[in-house]
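Student: I have a new model open. Please show me how to read its features.

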Amino acid sequence: MSRWGGPAAPGLAYAEPVALIGRADELDEVHGVLAEATGGRAGLVTITAAAGMGATCLAEAMMADARSSDFTTLITRVGPIDRDLPYAALARALERGLDDVRHLGHRTALLDGLQALAPVMPAVGLAPPAPLGDSRIEAARVLDDCARLIERMSQLGPLALLVDELPLLDEQSLHALQYVAPLLADRPFVLITTAHAGGDAAASHALRAAAHDEGWLDTDIRLGPLDERSAGMVLDASAGRRLPDALRRRVIMHCAGRPLLLTAIGADPAITTAGRAPNGQAPDAAAQQAMTDAHATGIPLPVDLRFQVHARLAPLDDVSMALLETLAIAGRASVDVLAASSGRERTALARPLSDLAAAQMVRDDGDGWTLAHGVLRDVVLAEMGPIRTPALHARLAMALRSSAPAASEASAAAEHAVAGMGYLDPDVAADLVLAEAHRLRQIGAVSQASALLQLLAAHSSRMQVSTRVQLHLLHGHCLRDAGNDEAACAAWELAAQAARDSADVIVLAEIDQELAEIDWARGDLPAARARLRAGQARLAGLEASETLSYILHARAVDAVRVGDLDELHELAPQLDRLSRALGSPAAAARIALVRATALLSQADFIAAEYQTSLALTAAEASGDPVLLTRAHDQAAVLASMQGDFVGLEKHSRASLALARELPLLEGWPLGRLAVVDLARGDVDHALQTTARLVETALRMHEPRITRSAMSMHALALAQAGRLDAARDAVDRARQTTSATLESDRHVGSILELADVTVGLATGDAGDAARRARLIGYPTEGWLPLTGIVMLGRAFAHAGRPDELSVLIDRVSAIRSCRTDMPAAVISLLRGLRDPGAGAVGSLDAAAEGFAALRQQMLAAEACLEAAQLPEIDLDAAAMRARAAARGFDALHAAAAAHRARAVLAALGRRPDPPPTPTRPALSARELDVARLVAAGLTNGQIADRLSISPRTVSTHLDHVYRRFGFRSRVGLTRYLVDSGLIDAGGFGPGDDT
């Protein structure tokens with residue numbers, strides 16, 4: 001018999017826990033998952049069972065097996081209250097894991113750079129990060145740091161995580177597990193989950209889909225009833241002896257193969273004493289009759305379980321029952337919280353807790369005491385009346401408040417406070433809830449914060465006016481962050497009403513500003529501007545304040561948006577005076593950025609650049625990293641608009657350094673640096689960078705970054721000559737939809753540039769030009785003049801000279817530019833528009849201008865265009881085509897180089913051979929492994945194919961990931977496919993590099 005399955009010897013001595021008798025097949029299957037994981041293939045085990053079938057026991061046995069196989073094991077048991085506590089369940093497991101590795105000296109390395117986890121896991125002692133003021137970025141930062149911690153833990157050695165009661169897991173923890181799935185596909189990692197059959201299976205489906213997509217080993221275990229033999233063994237072991245045959249048969253039939261029911265009945269004193277009457281009488285008639293009646297009436301099994309639970313609760317004393325009630329409400333509680341909520345000393349609870357644990361009613365899971373199973377919780381809650389329940393919530397709230405709580409306990413205190421409002425001082429409850437709502441907003445959990453504040457708002461009439469103002473203000477912010485503008489307006493109107501009661505004009509002005517932003521978003525520009533003026537009027541005669549600064553700044557931004565330069569000039573001296581009065585570098589930086597934006601919209605690039613330099617200086621003095629990032633971003637955009645790729649790289653690198661480890665922020669500077677790579681001919685690095693951007697965007701389900709990253713990737717693919725893949729990337733970018741994307745000009749312009757670039761390379765330039773709406777303007781997007789060049793070439797190839805004239809007029813209207821980029825662009829457009837004697841000279845001048853600016857791609861394109869003019873003589877055309885081919889070769893622009901060689905061949909000249917492709921810095925075996933990964937093989941299958949061990953496969957993959965900068969199979973595969981490495985003829989398996 002299996003090592004899991006039954007008795008070690010005749011009689012009642014069992015090798016394994018009683019609850020695991022009869023689960024040999026399932027446990028052997030689980031052991032196989034652990035063996036696969038040890039070899040480097042992640043596994044998901046989903047255990048689904050009806051109540052009482054032993055899902056948790058099976059999962060715990062798996063974790064015990066994992067520990068014996070040198071896995072680090074993390075366990076989190078999820079309760080009903082956890083559903084509304086972001087990251088609480090996952091944080092408990094991770095905190096315990098950090099405690100376990102502390103003695104190994106890895107704790108500091110594990111937590112390095114993960115400051116976003118400070119408000120989620122305060123017990124680990126991280127310094128809190130600077131707030132970013134954007135809930136989307138905050139949420140992304142916490143999500144990514146949580147995934148990084150799990151990934152790092154998995155790198156220390158085999159790791160197993162048990163999530164008991166998965167359907168109760170909060171949204172953020174579930175998302176983190178999905179998000180980290182690609183990063184663990186090649187790690188020794190096992191995720192085990194339990195769930196009740198017939199319950200909400202959405203979480204299980206989501207995790208299984210993520211695991212399937214990444215090639216995890218997916219094992220779905222559905223526990224059924226025990227067979228009669230195993231049921232009898234469980235019953236006998238629970239009773240400590242073999243029961244009389246008649247009673248034994250009745251109990252087995254009654255329990256229908258449920259281990260929990262069998263063990264509960266077997267341990268019942270009425271059963272354990274049956275047949276042992278000292279006076280020789282028949283076995284306990286009452287016990288036998290109870291079993292017979294239950295079987296005869298056909299009572300549903302859940303009711304039978306509750307019947308047994310009621311029978312076990314009846315003899316408990318008041319202290320024990322109070323402990324069970326508290327745990328039923330709390331889900332989990334420490335001894336300190338249990339003592340504080342009951343008004344008893346800790347020592348007075350030691351014996352009752354010990355007795356309840358011995359009776360298998362409660363357990364200490366390391367994070368606190370919990371009830372042993374959900375059926376017990378349901379019965380206890382059903383016994384509590386509508387008065388006792390909220391009163392207990394109130395006691396728990398105050399107990400948690402006084403226990404120096406961790407983040408999860410602070411969250412629970414707020415939840416209990418709103419549930420027990422009738423028994424608490426409303427302002428005390430509000431203090432708990434407002435503090436928690438602020439924390440939730442800080443980690444981006446705005447939906448949970450809104451729900452909590454909504455419950456609190458129902459009791460706002462009993463609060464002090466100042467508390468009501470704070471409540472409704474914060475509620476409005478959370479609702480706005482969540483995208484519910486209508487509800488946010490309603491909350492702010494309530495805040496305004498309370499502020500009027502207290503004559504708080506500062507708050508009223510803040511509300512005016514918030515409502516103005518919503519008016520603007522709705523398209524009601526006059527209302528938005530009127531609200532801002534009203535807010536400024538409220539503050540007239542008061543001391544200078546940050547609130548006034550924000551309002552004047554908002555007015556200036558709106559003036560730039562509508563092109564009202566008169567209002568901007570009117571506001572400028574007011575902003576200057578206010579900045580000096582406040583002594584605020586942040587205010588000065590915001591003012592300078594607004595002025596720079598206004599000048600940029602007028603194509604006055606030099607003046608805009610000067611204002612941006614002032615903003616950079618002020619932003620550095622302010623110490624605000626987000627403001628400084630924004631200033632560097634604007635400086636990078638201004639540099640790119642003028643064709644200054646040196647400045648573009650400088651400010652993009654500065655922005656990237658500030659945005660490091662912020663996935664939603666670092667994508668933009670990385671994308672700009674990929675364009676710099678293309679300009680230098682480092683196509684391989686540009687492909688790696690843009691593929692990583694796509695990988696991150698898809699994992700985060702972020703449409704804006706996905707569309708931008710796909711467009712950037714298409715540009716890199718087009719230059720590499722992977723035209724089918726480039727067209728596919730453009731199509732996928734266009735299919736990425738979002739309500740805000742269509743109006744996002746930065747994202748739209750880069751998509752149009754990619755579309756036109758690919759169209760020129762594939763002969764579809766005319767269609768791409770007809771789709772373009774933005775890149776024909778010198779101030780749209782962040783590569784406008786490059787976009788105009790590509791669009792002008794498309795118009796020329798489509799025979800639309802009038803459109804070229806429009807582009808020339810627009811570029812000629814640029815008021816100032818620090819470089820000769822506009823002149824070079826105009827020369828190229830004129831050469832394309834006016835074929836004739838002067839066209840060659842115009843295109844040559846364009847090529848020289850682009851070359852002086854280190855825009856070698858555009859210089860080569862200008863040469864090739866000149867080579868194809870009908871007016872040019874044969875030798876001059878061949879010279880220019882050959883120069884273009886060499887320029888394209890230097891930039892690794894394979895498709896363009898092929899076009900140049902085709903022109904040379906058409907001129908009757910022999911083109912130079914293309915350069916030998918650069919091989920990746922990988923060994924032959926590493927390249928073999930990478931290709932097999934891209935083909936979809938698991939680590940075990942790769943090991944079999946190459947006759948090496950799974951651990952060796954993992955070692956090779958780790959090096960490949962580090963070499964190319966990817967964190968998952970998905971990103972690596974995309975790069976290998978898109979770059980052509982997996983089917984390039986010069987890189988066959990076994991080639992030495």
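Tutor: Start inside. The largest nonpolar core has 126 residues, and those with the most contacts inside it are Val825, Leu828, Phe850, Phe888 and Leu972. A nonpolar core is a set of buried Ala, Val, Leu, Ile, Met, Phe, Trp, Tyr and Cys residues joined through side-chain atoms within 4.5 Å. A second, separate core of 120 residues includes Leu114, Leu149, Leu191 and Leu376.

Student: What kind of model is this, and how are residues numbered?

Tutor: It is a predicted model: local features need pLDDT of at least 70, side-chain atom pairs count only at pLDDT 80 or more, and totals for chains, interfaces and linings use all residues. Residues are numbered from 1 along each chain as its sequence is written, and side-chain values use heavy atoms, with hydrogens and water left out.

Student: Which residues is leucine 972 in contact with?

Tutor: Contact means heavy atoms within 4.5 Å. Leaving aside neighbours within four places in sequence, leucine 972 touches Val933, Leu957, Val960, Tyr961, Phe964 and Phe966.

Student: How many helices and strands are in the chain?

Tutor: Both are DSSP runs numbered from the N terminus: helices are H or I, at least four residues, and strands are E, at least two. The chain has 48 helices and 7 strands. Threonine 194 lies in strand 4, residues 189-196.

Student: Is threonine 194 buried or exposed?

Tutor: Buried means under 20% relative accessible area, exposed over 50%, and partly exposed in between (1.4 Å probe, protein chains only). Threonine 194 has 2% relative accessibility, so it counts as buried. Across the chain, buried residues make up 56% of the 993 residues.

Student: With which side chain does the side chain of threonine 194 make a polar contact?

Tutor: A polar contact is a pair of N or O atoms within 3.5 Å; within protein, one must be able to donate a hydrogen and the other to accept it, and residues adjacent in sequence count only if both atoms are side-chain atoms. Here the partner is the side chain of aspartate 164, at 2.4 Å. A polar atom of the threonine 194 side chain also lies 2.8 Å from the backbone nitrogen of glutamate 165.
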